[in-house]
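Subject: Structure for your files

Hello,

The structure is below, followed by notes on what was found in it. Please read them side by side.

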Amino acid sequence: QVQLVESGGGLVQAGGSLRLSCAASRNIFSVNAMGWYRQAPGKQRELVAAIGSGGSTNYADSVKGRFTISGDNAKNTVHLQMNNLNPEDTGVYYCNIDQRWLGSEYHYWGQGTQVTVSS
């Protein structure tokens with residue numbers, strides 16, 4: 001059973017920065033995409049940023065220009081650099097790795113790491 005282990009969450013003041021990291025417990029081959037999602041209290045989980053196997057990136061409008069996603073498909077690691085944080089960024093951040101193999105897709109999720117931004 002593959003596990004995704006996240007690290008780097010915490011409490012930060014508005015305007016501060018955090019860097020989230022995620023690594024798989026064992027190799028995941030044929031990675032299609034890696035990403036970060038977040039869930040704020042009382043809200044649905046939403047995509048924050050994603051990176052495709054070819055390196056293309058996609059960001060939620062609310063984080064463009066402030067967050068940067070990077071990853072290594074071969075090592076199954078993905079990072080999220082978060083700058084100029086604001087209280088609306090508060091939530092549980094989840095790492096995701098999507099695998100595409102023989103016409104099927106498999107989705108792996110981390111356990112989540114809490115990010116709290118104080119005003």
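Which residue stands opposite Gly-35 in strand 5? The residue is Ala-50.

Before the rest, two remarks on conventions. This is a predicted model, in which local features need pLDDT of at least 70 and side-chain atom pairs count only at pLDDT 80 or more, while totals for chains, interfaces and linings use all residues. Residues are numbered from 1 along each chain as its sequence is written, and side-chain values use heavy atoms, with hydrogens and water left out.

Strand 4 and its partners

Strands here are DSSP runs (E, at least two residues), numbered from the N terminus, and two of them pair if DSSP finds at least two bridges between them. Strand 4 covers residues 31–39 and pairs with strand 9 (residues 91–101) in the antiparallel sense, over 8 bridges. Within this pairing, Trp-36 has Cys-95 of strand 9 opposite. Strand 4 also runs antiparallel to strand 5 (residues 46–52), and 6 bridges join the two. The hairpin of strand 4 and strand 5 has 6 residues between the strands, and Gly-42 there takes a positive phi near 75°.

Four strands form an open sheet in the order 1-3-8-7, paired antiparallel. Its edge strands, strand 1 (4–7) and strand 7 (67–72), each pair on one side only. From one strand to the next the twist averages 15°, with axes taken as lines fitted to C-alpha atoms and angles running from 0 to 180 degrees between N-to-C directions. Inside the sheet, strand 3 (residues 18–24) and strand 8 (residues 77–82) are antiparallel and share 6 bridges. Cys-22 stands opposite Val-78 of strand 8.

Tyr-106 is located in strand 10 (residues 104–109). Its relative accessibility is 38%, so Tyr-106 counts as partly exposed; that class lies between buried (under 20% relative accessible area) and exposed (over 50%), with a 1.4 Å probe and protein chains only.

Pro-87 sits in the loop between strand 8 and strand 9. This proline is also partly exposed, because its relative accessibility is 29%. Leaving aside residues up to four places away in sequence, Pro-87 touches Ala-14, Val-117, Ser-118 and Ser-119, where contact means heavy atoms within 4.5 Å. Pro-87 and Val-115 are 28 residues apart in sequence, and their C-alpha atoms are 9.6 Å apart in space.

Regards
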